[in-house]
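Have the viewer open while you read.

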Amino acid sequence: ILEHLARQELFLMPMDHDPGWYRFHPLLRDFLQTRLAMESPALIPALHRRAVHWFLSSGDSHQALKHAQSSDDAVLLGDILETAFGIWSREGHFSRILFWEYRLQNSPLLLRTGVAVPLLCTLILSRRFHQASTMLERFRDAGPRDVSPDHHRVLLRFLQLYLELFQNDNRFIGRQDYQDLVQQSRLYDIFPLSLCMAAYHHLQHARPEQALEYASQALEVLKQSGHHFMMDYASLIIALCHRSLGRPGQAMRDIQGAYLNMPIDG
């Protein structure tokens with residue numbers, strides 16, 4: 001029936017990139033939305049909330065966020081932001097995070113811990129260091145809102161060192177307090193990233209055995225957490241460790257394995 005209606009051009013359009021899926025013609029969609037707004041405006045927020053959960057179940061976090069924003073439910077929007085930012089940061093989809101950061105500029109939702117941490121890491125990895133520094137100050141001044149004070153303190157320390165690692169490598173290499181961060185972050189999501197930083201620190205100080213130990217542990221934890229993007233970073237450190245230890249063949253196999261396991265963004 002849908003195919004017949006589409007062929008007759010009766011206000012139905014096939015989706016180019018999704019065979020078997022159709023959308024209303026924009027004129028009909030606008031007409032129906034206007035009728036809904038006039039006759040049953042109270043239904044609109046509830047319909048947006050239903051759409052949020054449908055798109056989330058379908059794996060489309062971007063559309064879920066659009067409907068959450070239209071639902072005028074700040075709590076729901078914040079929850080979906082946390083979910084989406086967590087997924088996108090693990091997969092390395094930084095452009096999606098930056099799109100919503102721009103769309104929600106200066107929103108207090110961006111200071112929620114589950115939003116702020118992946119956003120700050122994204123800004124750092126995107127080399128937006130000035131913006132990351134400014135936001136880090138805001139996150140520090142906001143204080144612990146949805147985590148314990150100890151958790152907030154550990155996150156701040158991690159983010160400061162993460163920023164130094166990518167902005168001012170020489171300053172990071174001179175530090176000796178990364179080991180405390182590894183121990184303090186053991187119970188939190190940043191633990192594998194802290195292990196990566198410790199591995200890099202040992203590698204830069206010509207301690208490849210210790211670096212290999214930290215990087216191997218980080219790679220295993222990253223696999224368990226589905227953090228595909230940083231798995232490549234840990235694999236690179238492991239390869240550099242094997243090269244420093246006189247194992248060029250193993251280093252080449254590590255690089256090839258990381259490339260083969262790299263997720264393809266459809």
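Which residues does H201 touch, not counting residues up to four places away in sequence? Bear in mind that this is a predicted model; the reply is in point 1.

1. H201. The list runs F172, I173, R175, Q176, Y178 and R207, again leaving out residues up to four places away in sequence. H201 is found in helix α12, and its relative accessible area is 0%, so it is buried.

2. α12 covers residues 191–204, 14 residues in total. From first C-alpha to last it reaches 20 Å, close to the 20 Å expected at 1.5 Å a residue. Of those 14 residues, 13 are buried, so α12 is largely enclosed by the rest of the structure. Just after the helix, A206 takes a positive phi of about 60°, if you want a backbone angle to check.

3. The loop leading in. L187 sits in the loop between α11 (178–184) and α12. Buried or exposed, then, for this leucine, L187? Exposed: its relative accessible area is 77%. For a distance check, the C-alpha atoms of L187 and R157 are separated by 15 Å, and the two residues are 30 apart along the chain.

4. The other histidine on my list. H152 lies in helix α9 and counts as buried, at 5% relative accessibility. The H152 side chain reaches the backbone oxygen of F139 at 3.4 Å. Leaving out residues up to four places away in sequence, H152 touches F139, R140, G143, P144 and V147.

5. Rings. The count comes to 9 aromatic pairs. One of them is Y162 with F166, an edge-to-face pair at 5.3 Å centre to centre with 70° between the planes. Both residues lie in helix α9 (residues 149–167), 4 residues apart, about one turn of the helix.

6. The core. The largest nonpolar core has 68 residues. L65, L81, F85, F158 and M197 are those with the most contacts inside it. Taking L65 as an example, its contacts are L77, I80, L81, A84, W88 and W100, not counting residues up to four places away in sequence.

7. Cysteines. How many disulfides does the structure hold? The count is 0. For C121, the closest cysteine sulfur is that of C196, and at 11 Å it is too far for a bond. C196 is in no disulfide either, as the nearest cysteine sulfur, in C241, is 11 Å away. Both C121 and C196 are tucked away from the surface by the numbers: C121 is buried at 10% relative accessible area, and C196 counts as buried at 1%.

Note on methods: Residues numbered from 1 in each chain as written. Predicted model: local features only at pLDDT ≥ 70, side-chain atom pairs only at ≥ 80, totals over all residues. Heavy atoms only, no water. Core = buried A, V, L, I, M, F, W, Y, C linked by side-chain atoms within 4.5 Å. Buried < 20%, exposed > 50% of the residue type's maximum accessible area, 1.4 Å probe, protein only. Contact = heavy atoms within 4.5 Å. Phe/Tyr/Trp six-rings, centres within 6.5 Å; stacked < 30°, edge-to-face > 60°. Helix = DSSP H or I, 4+ residues; strand = E, 2+ residues; numbered from the N terminus. Expected span 1.5 Å × (residues − 1). Disulfide = S-S within 2.5 Å. Polar contact = N/O pair within 3.5 Å; in protein donor to acceptor, adjacent residues only side chain to side chain.
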